[in-house]
Amino acid sequence: MALISTGKYLKREDVTEEGTSHKIVSCSQQQLSMGDGQSETKWVLTLAELKPLILNATNIRRLVAAFGTQETDEWIGRSIVVYDDPEIEFGGKIVGGVRLKAVPKKTAPKPKPKAELVVDDDDESPVPF
């Protein structure tokens, strides 16, 4: 597991490249203090067992794609995979960052093939092959 970062919000150091699935507790707009003394309204995703994540446009689009809705209230209680993507670029540099993706759907086991029936020419009764 990666080292846990200091600070109030989730950073890439808090998650692994493989990612882990977490249940969404809430998603709300919050006034956040930006380093220059200004404040800005941002969407913040609260996840079970993790620090809150400040959402960027890419992660918002990924949540909408994963859940099929922009209604954040409908995301509550659903799970999402949170992972470290080392390939994220910002300002022309590769800096890495937190990404979200849908939880992979469990594939149902393949049904066993049914035995084919073969008609015996002698008595015309079906016989399993």
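**Entry 1. Thr72.** I began with Thr72, which I located in the loop between helix H1 (57–67) and strand S4. I noted that the model is predicted. Is Thr72 buried or exposed? I found a relative accessible area of 15%. Because the cut-off for buried is under 20%, Thr72 is classed as buried. Leaving out residues up to four places away in sequence, I recorded contacts of Thr72 with Cys27 and Trp43.

**Entry 2. The whole chain.** I then looked up the overall make-up of the protein chain. Along the sequence I read the pattern β-β-β-α-β-β-β-β-β-β. The protein chain has 129 residues, and 27% of them are buried. For its accessible surface I noted about 9400 Å², with 53% belonging to carbon and sulfur atoms. I also looked at contacts with a separation of 6 or more: residues 24 or more positions apart account for 43% of these.

**Entry 3. Strand order.** In what order do the five strands of the open sheet stand? I read the order as S3-S2-S1-S4-S7, with antiparallel pairing. Strands S3 and S7 stand at the edges with a single partner strand each, so one side of each has no neighbour in the sheet. As background, I noted that strands of a sheet pair through backbone hydrogen bonds, in either a parallel or an antiparallel sense.

Entry 4. S2 and S3 are antiparallel and are paired over two bridges. Leu45 has Leu53 in S3 as its bridge partner, and Val44 stands opposite Ile54 in S3. The two strands form a hairpin with five residues between them. In that turn I noted a positive phi of about 70 degrees for Glu49.

Strand S1 (residues 20–33) is joined to strand S2 (residues 39–47) by nine bridges, and the two run antiparallel. I picked out Gln31, whose bridge partner in S2 is Thr41. The hairpin of S1 and S2 also has five residues between the strands. Here Gly37 takes a positive phi near 85 degrees.

**Entry 5. S4 and its partners.** How many residues of strand S4 are buried? I found six of the seven residues (79–85) to be buried, so S4 is largely enclosed by the rest of the structure. On pairing, S1 and S4 are antiparallel over four bridges. One of the positions I checked was Lys23, with Ser79 as its bridge partner in S4. S4 and S7 also run antiparallel and are joined by six bridges. There I noted that Asp84 has Val98 in S7 as its bridge partner.

**Entry 6. Ile24.** I placed Ile24 in strand S1. Ile24 has a relative accessibility of 2% and therefore counts as buried. Which residues does Ile24 touch, apart from those up to four places away in sequence? I listed Leu45, Thr46, Leu47, Leu63, Phe67, Trp75, Ile76, Gly77, Arg78 and Ile80. Of these I followed up Leu47: its C-alpha lies 4.6 Å from that of Ile24, although 23 residues separate the two in sequence.

**Entry 7. Ala57.** I placed Ala57 in helix H1. Ala57 has a relative accessibility of 47%.

**Entry 8. The largest pocket.** Lastly I looked up the largest pocket, which contains about 550 Å³ of space. It is lined by 18 residues, and the closest to its centre are Ile54, Asn56, Gly96, Gly97 and Val98. Two of these names had already come up in the sheet: Ile54 stands opposite Val44, and Val98 is the bridge partner of Asp84.

Which strands each supply at least two residues of the lining? I noted S3 (53–54), S5 (89–90) and S7 (97–102). The largest share comes from S7, with three residues. By class I recorded nine nonpolar, four polar and five charged residues in the lining.

Definitions and conventions:
Residues are numbered from 1 along each chain as its sequence is written. This is a predicted model: local features need pLDDT of at least 70, side-chain atom pairs count only at pLDDT 80 or more; totals for chains, interfaces and linings use all residues. Side-chain values use heavy atoms; hydrogens and water are left out. On a 1 Å grid over the protein atoms alone, a cavity is a set of points where a 1.4 Å probe fits but cannot get out, and a pocket is an open set with protein on both sides within 12 Å along at least five of seven lines; lining residues have an atom within 4 Å of a point. Grid points are joined across faces, edges and corners, and a volume is the space filled by probe spheres set on the points. Ala, Val, Leu, Ile, Met, Phe, Trp, Tyr, Cys and Pro count as nonpolar, Asp, Glu, Lys and Arg as charged, and the others, Gly among them, as polar. Buried means under 20% relative accessible area, exposed over 50%, partly exposed in between (1.4 Å probe, protein chains only). Contact means heavy atoms within 4.5 Å. Accessible areas come from the Shrake-Rupley method with a 1.4 Å probe; for residues, only the protein chains shown count as cover. Two strands pair if DSSP finds at least two bridges between them.
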